[in-house]
Amino acid sequence: MNGAPGGADTIDVLVVDDDFMVARVHRAFVDRVEPFRVVGVASTGEQAARAVDELHPDLVLLDLYLPDVFGLDVIPRLRTAGHDCDVMVISAARETDTVRGAVRHGVVDYLLKPFEFEDLRARLARYAVRRGRVLATVVHGQADVDRVLAGAAVPASAPATLPKGLSVETAALIERTLRTAQDTLSAAECATLAGISRVSARRYLEHFHSIGSAEVTLRYGAAGRPERRYRFHDHARPPRRPGDEART
């Protein structure tokens, strides 16, 4: 992840598409999702390679039907040049061999055109969680290795099967929101940060609490019911004592 001016946790993105109008839409979509920011746009494979050399993005959104080369052929060139940026394919290419080729080249995701903003946002959120987990992983044993190699599409602390009505993508989004919060979050605050409804946010937060992935504390106001506040459960952090939240 790169630093200034976007901050230490910013994920820099290069958009590669030969249609400048499509590239503009993709750029607008990405810039709506925290902590992503678009640092450049390229319309050919040659431009993409040069842009990666100059900008060092964390993630490349790669179209495959480029005017000079087939998009997947750009990836070996980037690796030969020593770039370790991740690549997410965004293309109308539906051929099985193309999808298999993308997998062999190690792409982190494959999104078919046309798509809606929510489709891309869910994949970016999942990628951000996976990237953060890989960067933070300390390998103590085989379980840690397996978690990294599995891609961690599901939040590490969540069961493989979520309760009915909960989605993997939104669970990943809520987990990332909790992990990156500087303090505890109420359901309303989490909903605002994640861009979902308060009711939906509460369902995911309570699910994480039920499986031990989130701590819950109560904040007492002058009157009425105490506010439930959530924090991602960090086993290295000493447990909070009753009343700590009320004194903050």
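**Note on salt bridges and helix packing**

1. Asp109 has a relative accessibility of 11% and therefore counts as buried, since the cut-off for this class is under 20%. Arg123, at 23% relative accessibility, counts as partly exposed. These values, like the others in this note, come from a predicted model.

2. Asp109 and Arg123 are partners in a salt bridge, and their closest N and O atoms lie 3.6 Å apart. Through salt bridges with shared partners, Asp109, Arg123, Arg126 and Glu169 are joined into one network.

3. The structure has 16 salt bridges by the rule applied here. One of them is formed by the side chains of Asp12 and Arg37, with an N to O distance of 2.4 Å. This pair also connects distant parts of the chain, as Asp12 is in strand S1 (residues 11–16) and Arg37 is in strand S2 (residues 36–42), 25 residues apart. Asp12 and Arg37 are both buried.

4. A further salt bridge joins Arg131 to Asp58, and here the closest N and O atoms are 3.1 Å apart. Arg131 is located in helix H5 (residues 117–136), while Asp58 is in the loop between helix H2 (45–55) and strand S3 (59–62); the two are 73 residues apart, and the pair links distant parts of the chain. Both of these residues, Arg131 and Asp58, are buried.

5. The packing of helix H5 against another helix also deserves attention. Two packed helices are described by the angle between their axes and by the distance between those axes. For H5 and helix H7 (residues 168–180), the angle is about 50° and the axes are 8 Å apart. H5 and H7 are therefore oblique to each other. The crossing in which H5 passes H7 is left-handed.

6. Which residues of H5 meet residues of H7? On the H5 side they are Ala122, Ala125, Arg126, Ala128, Val129 and Arg133. On the H7 side they are Glu169, Ala172, Leu173, Glu175, Arg176 and Arg179. Sorted by class, the contact of H5 with H7 comprises 6 nonpolar and 6 charged residues, and no polar ones.

7. Two residues connect the topics of this note. Arg126 in H5 and Glu169 in H7 take part in the contact of the two helices, and Arg126 and Glu169 also belong to the salt-bridge network with Asp109 and Arg123.

How values were computed
Residues are numbered from 1 along each chain as its sequence is written. This is a predicted model: local features need pLDDT of at least 70, side-chain atom pairs count only at pLDDT 80 or more; totals for chains, interfaces and linings use all residues. Side-chain values use heavy atoms; hydrogens and water are left out. A salt bridge is a side-chain nitrogen of Lys or Arg within 4 Å of a carboxyl oxygen of Asp or Glu. Helices (H or I, at least four residues) and strands (E, at least two) are DSSP runs, numbered from the N terminus. Buried means under 20% relative accessible area, exposed over 50%, partly exposed in between (1.4 Å probe, protein chains only). Axes are lines fitted to C-alpha atoms, for helices over the stretch in contact, and angles run from 0 to 180 degrees between N-to-C directions. Angles under 35 degrees count as roughly parallel, over 145 as roughly antiparallel, 65 to 115 as roughly perpendicular and the rest as oblique. A crossing is left-handed if the near helix is turned anticlockwise from the far one by less than a right angle, and right-handed if clockwise. Contact means heavy atoms within 4.5 Å. Ala, Val, Leu, Ile, Met, Phe, Trp, Tyr, Cys and Pro count as nonpolar, Asp, Glu, Lys and Arg as charged, and the others, Gly among them, as polar.
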